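Welcome! Please take a moment to turn the model around on your screen, and then let us walk through it together.

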Amino acid sequence: QTIDNPPPAGLQNAEGAPVFPTHWQVSRIDGDLMLTNWIKQVSFVEDNDITIMSVSGGGTEIILGNNTVINASSLAELGNYYDLIIVGGNVYHANIISQTNILLDDDIVGTVGDFQTAGSASLSTSGNLLWNEASITQYGTMSFDAMPPSYMEALNQLAGGADPAPQSLLSSVDFAGVPAIRVLYISGDVVDLQYVSQTNVLGDADQVALAKSQSSAHADASWEISTGSNALVNQATIIDGGVNSTTYTAGSVYSDELLIQAELISSDTNLYTQSADALISEAVVFLSDDLVAPGEG
């Protein structure tokens, strides 16, 4: 609603136009105001391969890892601008980014029977990447100062109802040259929360059995096996746009910036306590002489 005030004497320029605003335009919210952007991203990937490989020559390249998990999203919040925002309660403003990467890459590789080869062999179970990248950027400076009497008078006046703006507020140098003050009045609390949560969980516990045909024990076979090279990536950005402003408070002010980064890596999970032969003995059942005999494919 628009509440007019008669222009006070002596506050006009040479042309008779008012130097200070003559009225305020008030938007009221009786109660609390919550502004929340909440993004939660969770990726679960399970890639537990069990492979049994047998060759009698040539080259073999097996890739069981190389998994990639990426979370990405974009959200923009646009709203109205006010010359003055008056809050009767408390103001809570928070930008929070939480990122978690969990990787299980516990591989077991063994050979069947009298495995042997004259060729080259290459085994890679590492090369994993866990990457968390986050930034919170705020535009516009914000300073804090004690509540001036003119602003306290305006707060009390709005709390009592719709009345003309106090002359002390209209004559404030903060609003010189403004034809009308756009005011947002909130009687309760304001909660402004931007929250991004990203979680990647990847289980890449591969089991590999290698079997060399006894009938071709001298075949020149080459092995190249990779069970690692997994990538878990989280990227998040919060841009808190604003303008240079001053916040007047009638109470206390608390501000904090906190960064927590933890790297938790276990090299001994004890998930595979049995020896490699435990897997290989089960694999031998599938590698009978009929399957590996020469000339039968």
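**Starting from the core**

The largest nonpolar core has 15 residues, and those with the most contacts inside it are W24, L84, I86, L158, L169, I181 and V183. A nonpolar core here is a set of buried Ala, Val, Leu, Ile, Met, Phe, Trp, Tyr and Cys residues joined through side-chain atoms within 4.5 Å. Buried means under 20% relative accessible area, exposed means over 50%, and partly exposed is in between (1.4 Å probe, protein chains only). At least two residues of this core come from each of β2 (23-29), β7 (84-87), α1 (149-160), α2 (167-170) and β13 (181-186). Helix α1 gives the largest share, four residues. These labels follow DSSP runs, numbered from the N terminus: helices are H or I with at least four residues, and strands are E with at least two. A second, separate core has six residues, including M53, V208, A221 and W223. In soluble globular proteins, nonpolar side chains tend to be buried together.

Before going on, please keep in mind that this is a predicted model, in which local features need pLDDT of at least 70 and side-chain atom pairs count only at pLDDT 80 or more, while totals for chains, interfaces and linings use all residues. Residues are numbered from 1 along each chain as its sequence is written, and side-chain values use heavy atoms, with hydrogens and water left out.

A contact means heavy atoms within 4.5 Å.

Now step back to the chain. Its secondary structure comes to four helices and 18 strands. Of the 297 residues in the chain, 32% are buried. Among contacts between residues at least 6 apart in sequence, 89% join residues at least 24 apart.

Next, look for the aromatic rings. Rings of Phe, Tyr and Trp (its six-membered ring) pair if their centres lie within 6.5 Å; planes under 30 degrees apart count as stacked, over 60 as edge-to-face and the rest as tilted. The count by this rule comes to three aromatic pairs. One of them joins Y151 and F175, whose ring centres are 6.4 Å apart and whose planes are at 40 degrees, so the pair is tilted. This pair links distant parts of the chain, with Y151 in helix α1 and F175 in the loop between α2 and β13, 24 residues apart. Y151 counts as buried at 6% relative accessibility, and F175 counts as buried at 4%. Y151 also forms a tilted aromatic pair with Y248, at 4.8 Å centre to centre and 40 degrees between the planes. Because Y151 lies in helix α1 and Y248 in strand β18 (residues 245-249), this pair ties together parts that are 97 residues apart in sequence. Y248 is partly exposed, with a relative accessible area of 23%. Y151, F175 and Y248 form one aromatic cluster.

How many salt bridges does a search of the whole structure find? The search finds two, where a salt bridge is a side-chain nitrogen of Lys or Arg within 4 Å of a carboxyl oxygen of Asp or Glu. In one, the side chains of R182 and D83 meet at 3.4 Å, N to O. R182 sits in strand β13 and D83 in the loop between β6 (68-71) and β7, so this bridge links distant parts of the chain, 99 residues apart. R182 is partly exposed at 39% relative accessible area, and D83 is partly exposed at 31%. In the other bridge, D30 pairs with R28, their closest N and O atoms being 3.1 Å apart. D30 is exposed, with a relative accessible area of 61%, whereas R28 counts as partly exposed at 33%.

Finally, visit the surface. M142, F144 and V253 form a nonpolar patch there, with about 280 Å² of accessible area together. Patches are made of residues with over 30% relative accessible area and no salt bridge: like charges are joined within 9 Å, and nonpolar side chains (Val, Leu, Ile, Met, Phe, Trp, Tyr) within 5 Å. Accessible areas come from the Shrake-Rupley method with a 1.4 Å probe, and for residues only the protein chains shown count as cover. F144 is in strand β12 (residues 142-146) and is partly exposed, with a relative accessible area of 45%.
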